[in-house]
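Good morning, and thank you for joining.

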Amino acid sequence: MPKLVNLGSLGIDHVYGVDHITTPGETISSYSHDVFPGGKGSNQSIAAAKAGAEVVHVGCIGPDGDMLLDVLSEVNVDVKNVRVSETATQHAVIQVDRQGQNAIVIFGGANRTLNQHDRDVALSRVEPGDWLLLQNEVNDLEEILDQAGERNVSVAFNVAPVDGREKDYDYSRVGLLIVNEVEAAALAAEDDPNRAFDILTSRFPDMIVLLTLGRDGGMYGGGGYPRVVYESHVVDAVDETAAGDTFIGYFMAEWLKSQDLAKAVEDASAAGAIAVTKPGAASSIPSRAEVDAFKESVTN
């Protein structure tokens, strides 16, 4: 089976439980503080590996990031090309309210120190049939996309978080675009998700677009596929922090295996629903057995 090569971010999450998300000028006390492995790239690699995919992770951590290598290795992600730099590992400050909603501030750290060697290594690990996965938490994405295009590498790009750089990327190099409603609005200059989806699939007709809407489900299509709207599972949310990353990892694992969009979204939706019922980021990503059991329970 083809593998997933993730040239992706790695981070450490500081999660604070709060009664409500702070507003400008407000100071509140948290009722809990936990430290979890995180970073969108790392979370997505863990999720894909738990889903059964072969995963290679290429990226950069600081001297304080050893626990991330341990967590990835525990689920058999290949981390031999993760480089240790002198810059501190990315960290995030995350507020989670009692409804499970969050607000996140990220310091990019070592994730913004990727160099030409890292890009070359990642692309050299991609073999025919493999996919390269990217997030918007690393630097020099223009160069990465250009080099991937020159080598005819299949690219899946999760444009998260949006920070202004996304407007300048060459999306003709992307085979699969994964965005939520905020990211879709930024790319399409349109707040309505349905119209944003239509704009993106029209602008890039060869690209598959997967637009997630959290509790409201989402839609996918383009690249020769019809537009399909799907619903999310109703669960009691505790922490939404890694739900999107879990969704992407499970989606990519099934996509690599079967090239079946509907089946990939089915797996991803189930995994994402389970993830929001647990605290933390990487620690909330469910096992393959949990996802299969959940799918069985909702069909009976």
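Buried here means under 20% relative accessible area, exposed means over 50%, and partly exposed lies in between, with a 1.4 Å probe and protein chains only. Helices (H or I, at least four residues) and strands (E, at least two) are DSSP runs, numbered from the N terminus. This is a predicted model, in which local features need pLDDT of at least 70 and side-chain atom pairs count only at pLDDT 80 or more, while totals for chains, interfaces and linings use all residues. Residues are numbered from 1 along each chain as its sequence is written, and side-chain values use heavy atoms, with hydrogens and water left out.

I begin with strand β11, residues 208-212, where five of five residues are buried.

Which strands pair with β11? Two strands pair if DSSP finds at least two bridges between them. Strand β10, residues 176-180, runs parallel to β11 over five bridges, with I178 bridged to L210. Strand β12, residues 218-222, pairs with β11 in the antiparallel sense over four bridges. Here T212 stands opposite G218 of β12. Five residues separate β11 and β12 in a hairpin, and G214 in its turn has a positive phi of about 60°.

I turn now to helix α1, residues 40-50. Nine of its eleven residues are buried, so the helix is largely enclosed by the rest of the structure. Among these buried residues are S42, Q44 and I46. Just after α1, G52 adopts a positive phi of about 115°.
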